[in-house]
Amino acid sequence: MEYVRLGTTGLKVSRVCLGMMSYGDPARWGEWVLDEGAAEPIVRRAVEAGVTFFDTADVYSQGASEEVTGRLLARLFPRREDYVLATKVYFPVGGGPNDRGLSRKHVHAAIDASLRRLGTDHVDLYQIHRWDDETPIEETMQALHEVVQAGKARYLGASSMAAWQFAKAQHTAGLHGWTKFVSMQPHYNLLYREEEREMLPLCADQGVGVIPWSPLARGLIARAGSGGSTVRAGSDPRIDALYTDEENDRRILERVAQVAAERGVPAAQVGLAWLLHQPQVTAPIVGATKDRHVDDAVAAVDLALTDKELAFLAEPYRPRPVAL
C-alpha cells in the first residue's frame, strides 16, 4: 500500500479509502448492505492490506454505518492514531426540520451525534455531504471552524457541488480566518468525468485533495465484459439516474474489458488504476462487499497503465449532464 498526503496537509492517507456505506443495517438502507458480522472479515482484509483511510456518513443506514464503523475500527487497530476516519453531514437523519442541512444548530448536533455513534472523541476529516442552499455559507463555515476549534475534527472536507460554490466556501473561510476545506469528494470515474472541467483544476490550483466517490460507477465498470449483475444493481435507482448515456457507457466499458483481458486482470482493477493515474486524485473511495473487491482495489495501486492504455480508455468519453 502507498500513503500520500491529503492535499497540501501533513495528513497521510492510504491510496485506497474504504467506503463504509456498505456496512450497517440492511433494513434501514438496502438489502445489499452488510451487517457488522458480515462486514468484519472484509474490513479486516482491507486493514491487513494496509488500508488506513475510512469514509462514512451520518445518513448511511441512518447512523448504523457509523456505529459499525466505530466498533470495527476500534477492534482492528491498536490505537486511534493508526487510522484516518472521515464522516459527513447534511442529509436528513431524523424527521425534524433541523435534522438536516448545514445550519449551525445542525452541524453542532450532528458532529456530537456522529462522535457518539463512532465511539471516538474526534474525526480526522469532517465533510459537508452537499451544498445547502438554505443556509448562508458564512454560517456553515463558521460552525465548521468551531467544530475544529473544539477538537472534534482535525480537518474539513466537502463533497459534490459546483466549482463556484466550493470556491465561495473557501473564499469565505479565508476572509474570516476560519478553517478551509482540505479535500473534495466528487463523483468521478471513467463513465463520469464532468469534474475535469472546473472542479479538478480548482482543487489542483488550491492544493485540495481529491477522494472520488463511486470510482467504479456503482459497479458498472467492475462488471465490464461480464454481463453480470448484483443485488445492489437490481435495487439501486441511482444507477439509472447517474448513468443515462447507454451508448457512450457501452463504448467505454468495452475498452475497459479489452484492457483487462489483455492484462489478465479484473475490469475493476483497470477502472481503479485509471483513476489512480489521474494526477489530482488522492484516494478513490471503494465500496467492498466481497473479499475480491478489497483485493482488486489494493492491486490497482500497483497496476501501472501505459500512456497508450490511459488514452485508449479515455478517448470514447463524451460530455454528459452534470450528476451530483
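**Entry 1: a pair of strands**

I started at tyrosine 126, which stands opposite leucine 156 in E7. I kept in mind that this is a predicted model. Then I looked up the strands around that spot: E6 (residues 123-128) and E7 pair in the parallel sense over 5 bridges. I recalled that strands of a sheet pair through backbone hydrogen bonds, either parallel or antiparallel. How many residues of E7 are buried? I got 5 of 7, so I noted the strand down as mostly covered.

Next I zoomed out. E6 and E7 belong to an open sheet of 8 strands, and I wrote down its order as E9-E8-E7-E6-E5-E4-E3-E10, with parallel pairing. Which strands are at the edges? They are E9 (209-210) and E10 (285-287), each pairing on one side only.

Further along the sheet I checked E3 (residues 17-19), which runs parallel to E4 (residues 53-55) and is joined to it by 3 bridges. In that pair, cysteine 17 stands opposite phenylalanine 53 of E4.

I also looked for what packs on the sheet. Helix H6 (residues 163-176) does, touching E7 (153-159) and E8 (181-185). The direction of H6 makes about 165° with that of E8.

Cysteine 17 is in none, and the nearest cysteine sulfur, that of cysteine 203, is 16 Å away. A disulfide needs the two sulfur atoms within 2.5 Å. Buried or exposed? Cysteine 17 counts as buried because its relative accessibility is 0%. Cysteine 203 counts as buried too, at 1%.

**Entry 2: helix H9**

I moved on to H9 (residues 246-263). This helix has 18 residues and reaches 25 Å from its first C-alpha to its last, close to the expected 26 Å. Which of its residues are buried? My list reads Asn248, Asp249, Ile252, Leu253, Val256, Val259 and Ala260. They sit on the same side of H9, because they cover an arc of only 120° around the axis. The spacing made sense once I remembered the helix rule: with 3.6 residues a turn, residues three or four places apart point the same way.

What do the buried residues of H9 pack against? I found helix H10 (267-276) and helix H12 (307-314). On the face turned away from the buried side I saw the exposed residues Glu246, Ala261 and Glu262.

**Entry 3: positive phi without glycine**

Glutamine 62 has a positive phi near 50°, and its place is in the loop between E4 and helix H3 (64-76). Arginine 218 has a positive phi as well, near 55°, and I found it in the loop between E9 and helix H8 (237-242). Which of them is buried and which is partly exposed? Glutamine 62 is partly exposed, with a relative accessible area of 34%. Arginine 218 is buried at 16%, because the cut-off for buried is under 20%.

**Entry 4: a loop glutamate**

Last stop: glutamate 196, in the loop between E8 and helix H7 (199-206). I noted it as partly exposed, at 28%. What does glutamate 196 touch, leaving out residues up to four places away in sequence? The answer is Tyr188, Pro201 and Trp274. I also checked glutamine 280: it is 84 residues from glutamate 196 along the chain, yet their C-alpha atoms are separated by 9.6 Å.

Note on methods
Residues numbered from 1 in each chain as written. Predicted model: local features only at pLDDT ≥ 70, side-chain atom pairs only at ≥ 80, totals over all residues. Heavy atoms only, no water. Buried < 20%, exposed > 50% of the residue type's maximum accessible area, 1.4 Å probe, protein only. Pairing = 2+ DSSP bridges. Helix = DSSP H or I, 4+ residues; strand = E, 2+ residues; numbered from the N terminus. Contact = heavy atoms within 4.5 Å. Axes fitted to C-alpha atoms, helices over the stretch in contact; angles between N-to-C directions. Expected span 1.5 Å × (residues − 1). Arc of directions from axis to C-beta.
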